[in-house]
Amino acid sequence: MNNHVTVLEISADALQHNLDYFKQKLDSKTKILAVVKAFGYGSESVEIAKLLQDKVDYFAVAYANEGIVLREAGVKTPILVLHPQIQNLKEIVKHRLEPNLYNFKILDAFLQLADEAPLMNYPVHIKFNTGLNRLGFWHTDVPVLLTQLKQSNNIKVASVFSHLAASEDANEQEFTVAQINNFAYIVKQIYEHLGYEPMIHILNTSGIVNYPQAQFDMVRLGIGLYGFGNNEQETSQLKNTHTLKSIISQINIVQPGETVGYNRAFTANKETRSATIPIGHADGISRKLGNENGFVIINNQAAPIIGNVCMDMIMVDVTKIDCKEGDDVILFNHQQHIEFMAHKCETIPYEILTAISQRVKRLVNN
Ligand SMILES: *Cc1c(COP(=O)(O)O)cnc(C)c1O
């Protein structure tokens, strides 16, 4: 049992709201794939998947293990594994997960396994690289790829997809439109020669916001589900899903000239009340937030983090806050606070959310 008083609360209501928000933005026939990789962006993948399973068409995870966890919890929805390895293919089939086949090496390995099993029309997904230069076949691979796909009835291409490199960036519109057009051209060749028409998808959250004309058959909704749109205006329409909370373990009165924490990084210049909170960098609170770069909320007031962030604790200045040991502490409960933290840590909200370590107890509020 996890009795750690530091908890990450996940709001089911906010998730539902965010899904509905994107649903009403999309064409009614566009399918939705909910991305639940990395523990549902740091939340809790099994409970999130169970909440969403009747409301979305597909799930995606990054690695095979993440999909296996969902299957073992009884999730029946199709699950796309975005980044499988050859070593995982047997397990993928065993758990009826659907692999992304992104190059000839993994395609050949899967075709061999599918032939030996043998599998019939096993759903697979083919990814094309159209400019991210990360995973995927190149457009020049299309003829050979088509020959291989047509030769096998062990597999069936459930979808053909690609991923945008800069869908969030208005300055990269020309590049992004070219990616979409190149993808559409690849799809056209596949539709002409494959003999059937797999589903097509390219948009992530910011793609949905900025390039709704490229919805094709399905969209892959990740960060938007968890409360972040592509800009302030979109984010303000979404609800915060992740609330990180703790309590005050101890309050100390520090005299002028005394210091707080490791390396004596904070020196009191006046009598200071400091509160110690049981959360640290091992829980996902970056050391960059120390030394008054970050703050927590106690009784509706901001308390700056003083000194260095420890592995298991932070100390905050509560000189001006009416509070006592045992009181609640909010590390964040709003997208703006998460964005502020991301800014201070020179990162993006994705990393703040996924950094909350598994030591922190998860609680899904229904
Ligand atoms: C993570 C991921 C997504 C989701 O992106 P968001 O920006 O979170 O919506 C979509 N597609 C692929 C291939 C991904 O890896």
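Leaving out neighbours within four places in sequence, Lys37 contacts Ala60, Val61, Ala62, Glu66 and Leu82. The model is predicted.

Me: What does UniProt list for Lys37?
Reply: An annotation is a record entry, and it may be inferred rather than shown by experiment. Here the unreviewed entry lists Lys37 as "modified residue: N6-(pyridoxal phosphate)lysine".

Me: Where does Lys37 sit among the helices?
Reply: Lys37 lies in helix H2, which covers residues 37-42.

Me: Is Lys37 buried, partly exposed or exposed?
Reply: Buried means under 20% relative accessible area, and exposed means over 50%. Lys37 has 28% relative accessibility, so Lys37 counts as partly exposed.

Me: Which residues does the C-terminal domain annotation cover?
Reply: In the unreviewed UniProt entry, "domain: Alanine racemase C-terminal" spans residues 241-365. Over residues 241-365 the chain is 36% strand and 13% helix. The end C-alpha atoms of that stretch are 10 Å apart.

Me: How many cavities of 30 Å³ or more does a search of the whole structure find?
Reply: A cavity is a space where a probe fits but cannot get out. The search finds one of 30 Å³ or more. The largest cavity has a volume of about 40 Å³.

Me: Which residues line the largest cavity?
Reply: Ile285, Leu289, Gly294, Phe295, Val296, Ile305, Leu331, His337 and Met341. Strand S15 (295-298) and helix H11 (335-344) each supply at least two of the lining residues.

Me: How does the lining divide into nonpolar, polar and charged?
Reply: Gly counts as polar in this scheme. The lining of the largest cavity has seven nonpolar residues, two polar and no charged.

Terms used. Residues are numbered from 1 along each chain as its sequence is written. This is a predicted model: local features need pLDDT of at least 70, side-chain atom pairs count only at pLDDT 80 or more; totals for chains, interfaces and linings use all residues. Side-chain values use heavy atoms; hydrogens and water are left out. Helices (H or I, at least four residues) and strands (E, at least two) are DSSP runs, numbered from the N terminus. On a 1 Å grid over the protein atoms alone, a cavity is a set of points where a 1.4 Å probe fits but cannot get out, and a pocket is an open set with protein on both sides within 12 Å along at least five of seven lines; lining residues have an atom within 4 Å of a point. Grid points are joined across faces, edges and corners, and a volume is the space filled by probe spheres set on the points. Buried means under 20% relative accessible area, exposed over 50%, partly exposed in between (1.4 Å probe, protein chains only). Contact means heavy atoms within 4.5 Å.
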